[in-house]
Amino acid sequence: MNISVFGLGYVGCVSLGCLARNGHNVVGVDVSNFKVDLINRGVPTILEKDIDIIIKEGFEQGRISATMCADEAVINTDISIICVGTPSSPHGHLNLSYIYKTAEQIGQALKEKDDFHTIVIRSTVLPGTNQRFGEIVEEYSGKNRGESFSIVSNPEFLREGSAVKDYYHPSVTVIGGDNEEAVEKVASLYSCLNAPVEITDIKIAELIKYVNNSYHALKIAFANEVGNVCKALSIDSHKVMELFCKDTRLNISTAYFKPGFAYGGSCLPKDLKGLVTLGHDHYVNTPILGCIDASNEHQKKMAYEMVAKTGKKKVCFIGLSFKAGTDDLRYSPAVDLAETLIGKGYQITIYDENVRLSKLIGANKAFINERLPHLSELITQNLEEALLNNDVVIITHKNLEIAPYYDLLKEKDAVIDLVRVSAIECLPNYEGICW
């Protein structure tokens, strides 16, 4: 395939070389005459393991060239891959001027081209950039998206120092587009790689790298805070984290990575507080660990605000324990939400198939007697009756078979879902807490 790569920096140079090695004819485009000249001599524009060999091979085989002329590159290629820089401002906003200037250039070039052209955005951009890029191309080309061209979002996940290895061994290749033919064409570029290709919505493809890198930053900072506490206690922090990483069922896994309601229970709140206090007692600042509880409390506040905006005062809870399948009410976020609503004058009805007042014992019973002393007046074993007698429904557990109650739920003023029950998302009165 004939491919043009706009931007000959880190991502562009690696893409140029690797695509050529995969058998494509690739022309690089850049505003820098210096970079263009380097490529046209078979020399890479960056210092990176193996890229010098790859660029030299591609150049000698006649598969690699470079130009400063965008028109020439677009007209003579089937796909244009955008790898221009998107530097950050001091306030965290992206400078998208290079991206949009490239859109103007490609739009101008497409005026003279009859064949359908596929544009691929590899640069790291914010959600909505793909759409705006397309509008600019339409403006400058006088042609319509979907008819004469398409724009696909295909974020890169290349690390400096191992970029070539990362290109050939990705964990996943993400492609977002609104034109099936264009998406398939881009996916074909990665058919030689032993990695899954995920086709998704454009905005998801635009956002995923921000989520990835923010989590990577969080992991580093989390490990550093643990290390700081360990050092203060004369504990080997590396051995602690080695042990932490051995748990691939919960710690290093997909566990807990589902957006939803706040955490609770007898362990997480207590142990987090204990570690923060341990650091504090040894004069160790732990800003990330210290903010986790505040974020959790904010999630509870969001749930309350969702109820408050309905303007209704009669509320039914489906689920009260801190998670489904247990009767443990200790530090349950649902209990906190119910307590807040009662304090604000709401009338509460609670259904939880696992909670039986006669069976509550010990710390569990003591906790609920302190927080919801009149629970016996609030709880019911008849969900249908509870739904009939209330205006707002809050779902905190997802293990209940909800289908038989679909028609009842449909008549409520609001159904507030804190756990994502997919079977009811189509309800007209449905709202998820963070989806």
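Is Lys309 buried or exposed in this predicted model? Lys309 is exposed, as its relative accessible area of 57% shows.

**Figure 1. Salt bridge between Lys309 and Glu431.** The closest N and O atoms of Lys309 and Glu431 are 3.2 Å apart. Glu431 is partly exposed, with a relative accessible area of 30%.

**Figure 2. Interface of domain 1 and domain 2.** The domain assignment of the protein gives domain 1 as 2–200, domain 2 as 202–255 and domain 3 as 296–432. A distance of 32 Å separates the C-alpha centres of domain 1 and domain 2. Contacts involve 19 residues of domain 1 and 10 residues of domain 2. About 1,200 Å² is buried between domain 1 and domain 2, with carbon and sulfur atoms giving 66% of this area. On the side of domain 1, Pro127, Phe157 and Thr200 lose the most area to domain 2, and together they make up 35% of what that side buries.

**Figure 3. Polar and charged pairing between domain 1 and domain 2.** There are 5 residue pairs in polar contact between the two domains, both residues being at pLDDT 80 or more. Helix H6 (129–141), strand E6 (149–153) and strand E7 (173–176) are the elements that give two or more residues to the side of domain 1 that touches domain 2. That side has 8 nonpolar, 8 polar and 3 charged residues. Across this interface 1 salt bridge is found.

**Figure 4. Salt bridge between Lys209 and Glu156.** The closest N and O atoms of this pair are 2.4 Å apart, and both Lys209 and Glu156 are buried. In the model as a whole, the count of salt bridges comes to 18. The pair shown here links distant parts of the chain, with Lys209 in helix H9 (residues 202–232) and Glu156 in the loop between E6 and helix H7 (163–168), 53 residues apart.

**Figure 5. Salt-bridge network that includes Arg371 and Glu339.** Arg371 and Glu339 form a salt bridge whose closest N and O atoms are 2.6 Å apart. Arg371 belongs to helix H14 (residues 362–371) and Glu339 to helix H13 (residues 333–343), 32 residues apart. Arg371 is partly exposed at 22% relative accessibility, and Glu339 is also partly exposed, at 29%. Shared partners join Glu297, Lys300, Asp336, Glu339 and Arg371 into one network of salt bridges.

Figure 6. Lys300 counts as buried because its relative accessibility is 11%. Beyond its neighbours within four places in sequence, Lys300 contacts Phe261, Ala262, Pro333, Asp336 and Leu337.

Definitions and conventions:
Residues numbered from 1 in each chain as written. Predicted model: local features only at pLDDT ≥ 70, side-chain atom pairs only at ≥ 80, totals over all residues. Heavy atoms only, no water. Domains from an automatic or database assignment. Contact = heavy atoms within 4.5 Å. Buried area = accessible area lost by both parts, 1.4 Å probe. Salt bridge = Lys/Arg side-chain N within 4 Å of Asp/Glu carboxyl O. Polar contact = N/O pair within 3.5 Å; in protein donor to acceptor, adjacent residues only side chain to side chain. Helix = DSSP H or I, 4+ residues; strand = E, 2+ residues; numbered from the N terminus. Nonpolar A, V, L, I, M, F, W, Y, C, P; charged D, E, K, R; others polar. Buried < 20%, exposed > 50% of the residue type's maximum accessible area, 1.4 Å probe, protein only.
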